[in-house]
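Here is a short report on how one protein chain is packed. Look at the sequence and the structure first, then read on.

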Amino acid sequence: MGVLFVLLILVSGFLVCHHHPQYFFKLHRYEGQYLYLQAAYLGILCLIAAAAFHVVLINLLAIPVCLGMRTLGVNYVDLLAAYLPHGLGLTTVDKKLYSLLGVVALTTLLMPFLISRWVYWRLKRYLQLDSDEEVDIVIMSELFSDSPLDQLLFSAMINDRNLMLVLDDRKVYVGRVATMGEPNENEGADQEISFLPFVSGYREKDSLQVIFTTDYKKVGDNLPLVIRQDAIVSAREFDFSVYDTFQETGKPAS
């Protein structure tokens, strides 16, 4: 029985990590024993919440009305205990105990989903947002704030701004960030990006001057390019008018 409850705690805690938006986007940061401890901590909270819920509900249903002749409802623990087969050899007290543990365990597994929906509802109301996806974007923007590159890429994606990316092979792309990778248990959302290039070229080896060689608008369909972030040497916002002025005068516009 003890092993089953330990497993219940870990599973419910891991479900919280997967469905709670503020934990899900940080899941890749938890490794080894820290992940188990985090799951155990959240699972214990789910178990306590489930047990407290049933204690309160059972007591509410047992409140007497009409001078003690009736109650507000039935005792569902006793009702479930009556359906347990007699062949198990359990006493009446054991049947009630196992029934109570069963409903608490089931509620514990449901708690992560209920908590997740409540968090999304609370954040949408507080931030005045319309969808869960918008909540995810707000949470991701907070997580990306600790990395200048992540923050620049994410901001450019949200605001449809042009970027110039210089890769470690001196290849240069100018375009827009279409999407950033979905986080999982091992990696965050900052591992790779889908990039829509407008023009591309290279950085000259000696002078480091950027030379564009391909105009994707003239080629035809602009297909997305997947780029790993660890291949990006530098990134900055790009303005075609400033670039044209620089090409004509040899210096940035004042």
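Start with Leu-153. Leaving out residues up to four places away in sequence, Leu-153 touches Leu-163, Leu-165, Val-177, Met-180, Ile-193, Gln-229 and Ile-232. Here, contact means heavy atoms within 4.5 Å.

A word on the source. This is a predicted model, in which local features need pLDDT of at least 70 and side-chain atom pairs count only at pLDDT 80 or more, while totals for chains, interfaces and linings use all residues. Residues are numbered from 1 along each chain as its sequence is written, and side-chain values use heavy atoms, with hydrogens and water left out.

**The chain as a whole**

The chain has nine helices and eight strands. Both are DSSP runs, numbered from the N terminus: helices are H or I with at least four residues, strands are E with at least two. Of the 254 residues in the chain, 32% are buried. Buried means under 20% relative accessible area, exposed means over 50%, and partly exposed lies in between (1.4 Å probe, protein chains only). Take the contacts between residues at least 6 apart in sequence: 57% of them join residues at least 24 apart.

**Two cores**

A nonpolar core is a set of buried Ala, Val, Leu, Ile, Met, Phe, Trp, Tyr and Cys residues joined through side-chain atoms within 4.5 Å. Which residues touch the most other members of the largest nonpolar core? They are Leu-153, Leu-165, Val-177, Ile-193, Phe-195 and Ile-227, out of 22 residues in that core. At least two residues of this core come from each of H5, helix H6 (132–144), helix H7 (148–159), strand S3 (163–167), strand S4 (171–180) and strand S5 (192–203). H7 gives the largest share of this core, four residues. There is also a second, separate core of 16 residues, and Leu-8, Leu-42, Leu-47 and Ala-105 are included in it.

Two packed helices are described by the angle between their axes and the distance between the axes. Axes are lines fitted to C-alpha atoms, for helices over the stretch in contact, and angles run from 0 to 180 degrees between N-to-C directions.

Take helix H1 (residues 2–19) and helix H5 (residues 92–127). Their axes come within 9 Å and cross at roughly 15 degrees. H1 and H5 are therefore roughly parallel to each other. Angles under 35 degrees count as roughly parallel, over 145 as roughly antiparallel, 65 to 115 as roughly perpendicular and the rest as oblique. On the H1 side, the contact includes Phe-5, Leu-8 and Val-11; on the H5 side, it includes Leu-101, Ala-105 and Thr-108. The residues of this contact are eleven nonpolar, four polar and no charged. For these classes, Ala, Val, Leu, Ile, Met, Phe, Trp, Tyr, Cys and Pro count as nonpolar, Asp, Glu, Lys and Arg as charged, and the others, Gly among them, as polar.

Next come H1 and helix H3 (residues 33–61). They pack at an angle of about 100 degrees, with their axes 7 Å apart. That makes H1 roughly perpendicular to H3. Phe-5, Ile-9 and Leu-10 of H1 are among the residues in this contact, as are Leu-35, Tyr-36 and Gln-38 of H3. By class, the contact of H1 with H3 has 14 nonpolar, four polar and no charged residues.

H3 also packs on H5. The axes of H3 and H5 come within 8 Å and cross at roughly 120 degrees. H3 and H5 are therefore oblique to each other. Among the residues that meet here are Gly-43, Cys-46 and Leu-47 in H3 and Leu-100, Val-103 and Val-104 in H5. The contact of H3 with H5 divides into 13 nonpolar, four polar and no charged residues.

**Single residues**

Most residues other than glycine have a negative phi. Two residues here have a positive phi although neither is a glycine.

Pro-148 and Ala-235 are 87 residues apart in sequence, and their C-alpha atoms are 9.9 Å apart.
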